[in-house]
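Here is a short tour of a protein chain for anyone who likes to keep the model open while reading. Take a look first, then follow along.

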Amino acid sequence: MTPMEHSNWGPSAAHRRIACRGSAAAEAPLPSSDPQVSRQGTMHHAVLEKVLQGKGNAFAHVGSQHPGMAEPLEFTRDQARVVQDVADRVFELHGVVYPEVKVDLSAWIPDQFGTSDIGVRLPDSLRVRDAKFGRGEMVLAYRNPQLML
C-alpha cells in the first residue's frame with residue numbers, strides 16, 4: 001500500500017460520514033486538523049508494519065527518518081517503546097499476522113476502501129486490531145463507527 005493513501009469515505013472518517021453524508025465534500029479543501037499528530041501516526045504505523053513483517057524490533061528503527069513527507073520525522077526511543085508494546089501484544093496471539101491490508105469497501109460504498117491496521121488469523125477466528133498512537137484515547141469495538149460502515 002502506498003504511504004498516505006486514504007479513502008475519503010474510509011473507516012477512519014466514519015464518525016463524520018455517518019453523521020453527515022456531505023462531510024467528505026465539505027472538508028475536502030481543508031487541511032488536516034493536526035498535521036503533526038497525523039505525521040507521527042503515519043510514522044508509527046510504518047514502523048509497526050516493518051516490525052510485524054519481521055524487519056527488526058521497533059528499537060532497530062530508532063533514529064530512522066520516515067520518508068514520503070515534506071519534513072521527515074525522526075523515530076525516537078520513546079516512540080519505539082509504544083510501537084514495540086503494540087507489536088508484542090500482536091505476537092502474543094501466535095497467529096498469522098497481516099499488517100496494513102487494504103480492504104475493499106465497494107460492495108457497500110462505491111469505489112471506496114479502508115486499511116486494516118492489523119489482522120491476525122488464528123485457527124478458529126480472525127482478530128482485527130486498530131493501532132492508535134499519540135492521543136491516549138481508548139477505542140472500543142461496541143458501536144464503533146468504523147465497524148458500522
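Read along the sequence, this predicted model follows the pattern α-α-α-α-β-β-β-α. That gives five helices and three strands in the protein chain.

The three of them form an open sheet in the order 1-2-3, with antiparallel pairing. Strand 1 and strand 3 stand at the edges with a single partner strand each, so one side of each has no neighbour in the sheet. From one strand to the next, the twist averages 35 degrees. Strand 1 and strand 2 pair over eight bridges in the antiparallel sense. To find your place in this pairing, look for lysine 102, whose bridge partner in strand 2 is threonine 115.

| Strand 1 | 96-104 |
| Strand 2 | 113-121 |
| Strand 3 | 126-129 |

Now turn to helix 4, which covers residues 77-91. Its 15 residues reach 20 Å from the first C-alpha to the last, close to the 21 Å expected at 1.5 Å a residue. Which residues of helix 4 are buried? They are Gln79, Ala80, Val83, Gln84, Val86, Ala87 and Val90. Seen down the axis of helix 4, these buried residues fall within an arc of 160 degrees, so they line one face of the helix.

Finally, a view of the whole chain. Of its 149 residues, 34% are buried. The accessible surface comes to about 9,800 Å², and 54% of that belongs to carbon and sulfur atoms. Among contacts with a separation of 6 or more, 52% are between residues 24 or more positions apart.

Methods. Residues are numbered from 1 along each chain as its sequence is written. This is a predicted model: local features need pLDDT of at least 70, side-chain atom pairs count only at pLDDT 80 or more; totals for chains, interfaces and linings use all residues. Side-chain values use heavy atoms; hydrogens and water are left out. Two strands pair if DSSP finds at least two bridges between them. Helices (H or I, at least four residues) and strands (E, at least two) are DSSP runs, numbered from the N terminus. Axes are lines fitted to C-alpha atoms, for helices over the stretch in contact, and angles run from 0 to 180 degrees between N-to-C directions. The expected span of a helix is 1.5 Å times one less than its number of residues. Buried means under 20% relative accessible area, exposed over 50%, partly exposed in between (1.4 Å probe, protein chains only). The arc is that of the directions from the helix axis to the C-beta atoms. Contact means heavy atoms within 4.5 Å. Accessible areas come from the Shrake-Rupley method with a 1.4 Å probe; for residues, only the protein chains shown count as cover.
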